[in-house]
Each structure stands twice: as structure tokens, then as C-alpha cells.
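Hello,

The model we discussed is pasted below, sequence and structure together. My notes on it follow.

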Amino acid sequence: MVRSGPIYIRTRTRVISLVEEARVTEHEVSGLRLSRLRPRALFVIDEQGVHRVRFASANMPKLALALLAVICAPLQYRLFARRPGHEQ
Amino acid sequence: MNSNGHGPDDVLLDTELGLRVTPAGARESSSVAAEPAPSPTDALPELDAPLPAPVTTLVFGEPRGVGDKTIISATGVQTVYRASDGAPIYSCTTPVAIIEVDDHGVRIKPIANTRLTILMWTLTLAWIAYWLLRTLRARQPQRH
């Protein structure tokens, strides 16, 4: 986890300080090293105090919906298929 | 070109992580010469300990003033490099979000990965279609 120094952003009426937080992950496999840097959060410092705002993934709700559909798809076969063992 | 054979001359190496760091001013890759926007930030105060600024500058862009708003880009960076000498082999960046700062506060607008979304829904629909067809075939009366 790395954080930047404060960034002062001046709007028309006030000054907001931001501190950026990024996550660094490194994996090493057979002589190759994979480094991933991702933004993780933003600390917003203004007259109301300090707030930590997380970076929500835009793909995550869609991925969850697709995962639910994938899990539920075989259920229709179990519910509606006419299998020989179940018929008289 | 730098000594590695690729990239501009002003590409630096972050000794802490062994990553290539492009200075913020040289990050613009547009072929059209852009007007230098007035920086909405003040100078940083003096700090006792050096911060790992190069790493965060890889992820977060320079603040840009657009109208009444200030916009900062946030990207994910993946780099593959040789563990022996630290030479980078492959690197790609993915836009993650846009940080918008104005008088009303700070907003983070996530950017959806369209390619991943299309791939995900194609595979999901194919999976649903497979089970639907299998169900329909199982419901048909068997011919003897």
C-alpha cells in the first residue's frame, strides 16, 4: 500500500486536500515478475474532516449478476426436464 | 529513444520497484500539441521523509482543470518483467476511474471495462442457451 503526498486542489470556494492510495501486488513465477498497481482509495480532507472514499469497481455488480445467472441456468434443467426415471 | 531501445529519453526507472516511470509532463501521448493547462494545485509542503511518489504517479494522473471542475484520472498498471535483471517485458494500463473535484465535493466515477463486459455476457448467454436447449430436448417425448 502506497500513498501520495497531499494534493491541494483549489475550487472556487474552498481548498480540498487529497491523498491518493494505491495497492501494489507482486508475484514471481519462473523468473518472471508480475507487478500490479491499482488505485485503492482517496482520502479527502476538507472543512468537514477526513473521509476515505474507496474505488468501487464498475464491473463488479455486472459480474455478480452474470455469476448468479450462470449458477441458476442448470436449475431449469433439474426443474423442467422430463427424465425417464421420474416417469411412470 | 532511451538506452533500452524503446520509449522516450525522459523515461526514468523507479529504483524501489524497478518500474519505468514516465514523468507527468511527458505522459501526454497525443499527437496534437496540447495547450498547457493551468495547474489547479499548489506546491506541496516540505516533507521530512521522501514519499513513494513515483508509484502513485503511475496510477493517478496529474490534476487537470476543466471548466469549474478538476479531473484526475486513475488507472491500473500491470507490468511483467524479468526477475533477474528487472527489464520490463510487457506493460499495460487500464482506466479504472475518474476523480472529479468541484465545489460540491469529490466524486469517483468508475469506468467499466467494455471488453470484459462483452466477453462475460457472451459466455453467460452461451451457458444459459446450452442449458435451455438441453432442457427442451429432455422435455421432448422419446421415440421408440
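**Chain A**

Of the 88 residues in chain A, 34% are buried, where buried means under 20% relative accessible area, exposed over 50% and partly exposed in between (1.4 Å probe, protein chains only). This is a predicted model, so local features need pLDDT of at least 70 and side-chain atom pairs count only at pLDDT 80 or more, while totals for chains, interfaces and linings use all residues. Residues are numbered from 1 along each chain as its sequence is written, chains are lettered from A and ligands numbered from 1 in the order in which they are written, and side-chain values use heavy atoms, with hydrogens and water left out.

Chain A holds five strands and one helix; helices (H or I, at least four residues) and strands (E, at least two) are DSSP runs, numbered from the N terminus. Their order from the N terminus is β-β-β-β-β-α. Among the contacts in chain A with a separation of 6 or more, 19% are between residues 24 or more positions apart; contact means heavy atoms within 4.5 Å.

**Interface between the chains**

Chain A puts 53 residues into the contact and chain B puts in 58 residues. The size of an interface is often given as the accessible area lost when the parts come together. Here the buried area is about 4,900 Å², with 66% of that from carbon and sulfur atoms; buried area is the accessible area (1.4 Å probe) that two parts lose on being put together, summed over both.

Two salt bridges are counted between chain B and chain A, a salt bridge being a side-chain nitrogen of Lys or Arg within 4 Å of a carboxyl oxygen of Asp or Glu. Arg12(A) and Asp68(B) form a salt bridge through their side chains, at 3.5 Å from N to O. Eleven residue pairs between chain B and chain A are in polar contact, both residues at pLDDT 80 or more. A polar contact is a pair of N or O atoms within 3.5 Å; within protein, one must be able to donate a hydrogen and the other to accept it, and residues adjacent in sequence count only if both atoms are side-chain atoms.

On the side of chain B that touches chain A, at least two residues each come from α1 (53-59), β4 (69-82), β5 (88-102), β6 (105-110) and α2 (114-139) of chain B. α2(B) gives the most, with 13 residues.

**Strand β4 of chain B**

In β4(B), ten of the 14 residues are buried. Strand β4 (residues 32-46) of chain A runs antiparallel to β4(B) and is joined to it by six bridges; two strands pair if DSSP finds at least two bridges between them. In this pairing Leu37(A) is opposite Val77(B).

Within chain B, β3 (residues 64-66) pairs with β4(B) in the antiparallel sense over three bridges. Their hairpin has two residues between the strands, and Gly67(B) there has a positive phi near 65°. β4(B) also pairs antiparallel with β5(B), over twelve bridges, and Ile72(B) lies opposite Ile99(B). That hairpin has five residues between the strands, and Gly86(B) has a positive phi near 80°.

**Ala97(B)**

Ala97(B) is in strand β5 of chain B and is buried, at a relative accessible area of 1%. Leaving aside neighbours within four places in sequence, the contacts of Ala97(B) include Phe55(A), Ile72(B), Ala74(B) and Ile108(B).

Regards
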